[in-house]
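Thanks, everyone, for making the time this morning. I would like to walk you through one structure, with an eye on its aromatic rings and its nonpolar surface.

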Amino acid sequence: MLKLVGTRLALVVPQLLLVSALVFLLVYLVPGSAASLILGDAAASPEEIARVETQLGLDQPFFVRLFGWIGSALQGDLGTSLQSGRPVTELIAEKLPATLSLIGGGLIVAIIVGVGLGVLAGTHARRPVDRGVTAITSLLQAIPEFWLGLLLVLVFVIQLGVAPVVAWVPPEQDFFGWMRGLILPSLALGAGASALIARQTRTATAAALSSRYADTLTAAGVPRRKIIWVYALKNAMVPVLAAAALAVSILFGTSLVMERVFAFPGVGSMLVNAVIGKDFPVVQGTVLVVAIIIIAVNLIVDICYGIINPKARPQ
């Protein structure tokens, strides 16, 4: 097991270096001068452009800037916001709890609904129940998350008044208010991802129940419920974990829109504002942090593979 963890950690290092280099290149993907774009071509003077280029480090050789930026990022310094003048790390630390709360709630909804529907369909493979679940997951996958979020706001906030108007409340301020405010955003965010997990769970569960060891357990008199939840579901967890890891990446992208719908003061809203305001240090730092979180999730999933399936461990 330690060899598996060491191997996966060794693969993370080049991934982080590659992601850091790609994030650093964001400034150079902008057509023309990044400093002129920030200041506005019509109003910018040569002195102002030179000042912004110095602030961004554009007056230094490329590789000096690249390795300097990576070195600073390794020390937790992601630069300074051009709009607020505050450290980017500090801004992300303020906004990240709201985003992680939203994504965590959406992932919980996706796993509970997805695994539940998947097991239901997998235990009734090629029957009406299976076809009904397939129809439900197709509908969940087809509905845009922002549209579902607006619909939930219209029904439960505006018409029924059973959900709070302000969805985000810091947990240290009001824990139960924080949980209450996460219900609707989590449902809207996790609906599409639950369809992905449900389909993987359905296929894996049906395959496990049709295997020889399931027939042997049935012949030995093991209750069907125990076969499903103890044996079959454990063997079905490998593709389900893969679907959950993919769902995290999808949830991060979808949360950018969902934060706007529910007025969440998260990283997604900050990133959109930074792109509009041409605040490149904030854009670079936010993209890097999100990429690191996704890489960390995939690392955890790889380790879980080894725990569930010993064949995945390096020999």
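Predicted model: local features only at pLDDT ≥ 70, side-chain atom pairs only at ≥ 80, totals over all residues.

When the whole structure is searched, three aromatic pairs turn up. In one of them, the ring centres of Phe175 and Phe176 lie 5.7 Å apart with the planes at 80°, and because an angle over 60 degrees counts as edge-to-face, that is how this pair is classed. Phe175 also pairs with Trp178, this time in a tilted arrangement, with 5.4 Å from centre to centre and 40° between the planes. Those two residues are three apart in helix 8, which covers residues 175-209, so about one helical turn separates Phe175 from Trp178. Through such ring pairs, Phe175, Phe176 and Trp178 are linked into a cluster.

How buried or exposed is each member of that cluster? Trp178 is buried, at a relative accessible area of 17%, while Phe175 is partly exposed at 43%, and Phe176, with 66% relative accessibility, counts as exposed.

Let me move on to the surface. A nonpolar patch there is formed by Phe146, Trp147, Leu150, Leu151, Leu154, Ile158, Leu256 and Val257, which together have about 710 Å² of accessible area. At least two residues of the patch come from each of helix 7 (145-159) and helix 10 (224-261), with helix 7 giving the most, namely six. Trp147, which is found in helix 7, counts as partly exposed, its relative accessibility being 45%.

Terms used:
Residues numbered from 1 in each chain as written. Heavy atoms only, no water. Phe/Tyr/Trp six-rings, centres within 6.5 Å; stacked < 30°, edge-to-face > 60°. Buried < 20%, exposed > 50% of the residue type's maximum accessible area, 1.4 Å probe, protein only. Helix = DSSP H or I, 4+ residues; strand = E, 2+ residues; numbered from the N terminus. Patch = residues over 30% accessible without salt bridge, like charges linked within 9 Å, V, L, I, M, F, W, Y side chains within 5 Å. Areas by Shrake-Rupley, 256 points an atom, 1.4 Å probe, with all protein chains shown as cover. Salt bridge = Lys/Arg side-chain N within 4 Å of Asp/Glu carboxyl O.
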